[in-house]
Amino acid sequence: MKVTIEVDCTPEEARRMMGLPDLTPLHDHFLTRMRETMDGQAASPELVSAMFRSWAPVGDAGMDFWRQLFSSGTKPGA
């Protein structure tokens with residue numbers, strides 16, 4: 001037997017239903033900081049790399065995790 005349940009709700013409604021916190025203020029703060037950083041300097045590859053490294057949970061291992069995640073998502077049949 002196969003049962004399919006379809007829930008029609010907005011992302012905000014889904015977040016509340018699952019009891020997840022609203023991280024909008026934190027997200028807005030980080031976007032503001034990123035814009036300030038980018039406006040203060042030219043967006044060089046080194047700057048972008050340094051920003052992502054600071055966000056990665058465990059440095060290079062975290063970067064490898066994200067790289068593998070994104071590359072696996074772009075493979076056909078994934």
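## A helix pair

Arg16 and Glu12 sit 4 residues apart in helix H1, about one turn of the helix. The two residues form a salt bridge, and their closest N and O atoms are 2.9 Å apart. Through shared partners, salt bridges join Glu12, Arg15 and Arg16 into one network.

The structure described here is a predicted model. Distances and areas in this report are therefore computed from predicted coordinates.

## The overall fold

The protein contains 4 helices and 0 strands. Read from the N terminus, the order of its elements is α-α-α-α. Helix H1 covers residues 11–18, and helix H3 covers residues 45–55.

Of the 78 residues in the protein, 8% are buried. The accessible surface of the protein is about 7100 Å², and carbon and sulfur atoms account for 61% of that surface.

## Confidence in the model

The mean pLDDT of the protein is 79, and 82% of the residues score at least 70. Helix H1 has the highest confidence, at 90, while helix H3 has the lowest, at a mean of 73. Where pLDDT is low, the predicted coordinates should not be read in detail.

How many salt bridges does a search of the whole structure find? The search finds 2. One of them is the bridge between Arg16 and Glu12, described above. Glu12 also forms a salt bridge with Arg15, with the closest N and O atoms 2.6 Å apart. Glu12 and Arg15 are 3 residues apart in helix H1, so about one helical turn separates them.

Glu12 is partly exposed, with a relative accessible area of 32%. Arg16 is exposed, at a relative accessible area of 62%.

## A nonpolar surface patch

Met1, Val3, Ile5, Val7, Met17, Met18 and Leu20 make a nonpolar surface patch of about 920 Å².

Met17 is exposed, because its relative accessible area is 58% and exposed means over 50%.

Definitions and conventions: Residues numbered from 1 in each chain as written. Predicted model: local features only at pLDDT ≥ 70, side-chain atom pairs only at ≥ 80, totals over all residues. Heavy atoms only, no water. Patch = residues over 30% accessible without salt bridge, like charges linked within 9 Å, V, L, I, M, F, W, Y side chains within 5 Å. Areas by Shrake-Rupley, 256 points an atom, 1.4 Å probe, with all protein chains shown as cover. Salt bridge = Lys/Arg side-chain N within 4 Å of Asp/Glu carboxyl O. Helix = DSSP H or I, 4+ residues; strand = E, 2+ residues; numbered from the N terminus. Buried < 20%, exposed > 50% of the residue type's maximum accessible area, 1.4 Å probe, protein only. pLDDT = per-residue confidence, 0-100.
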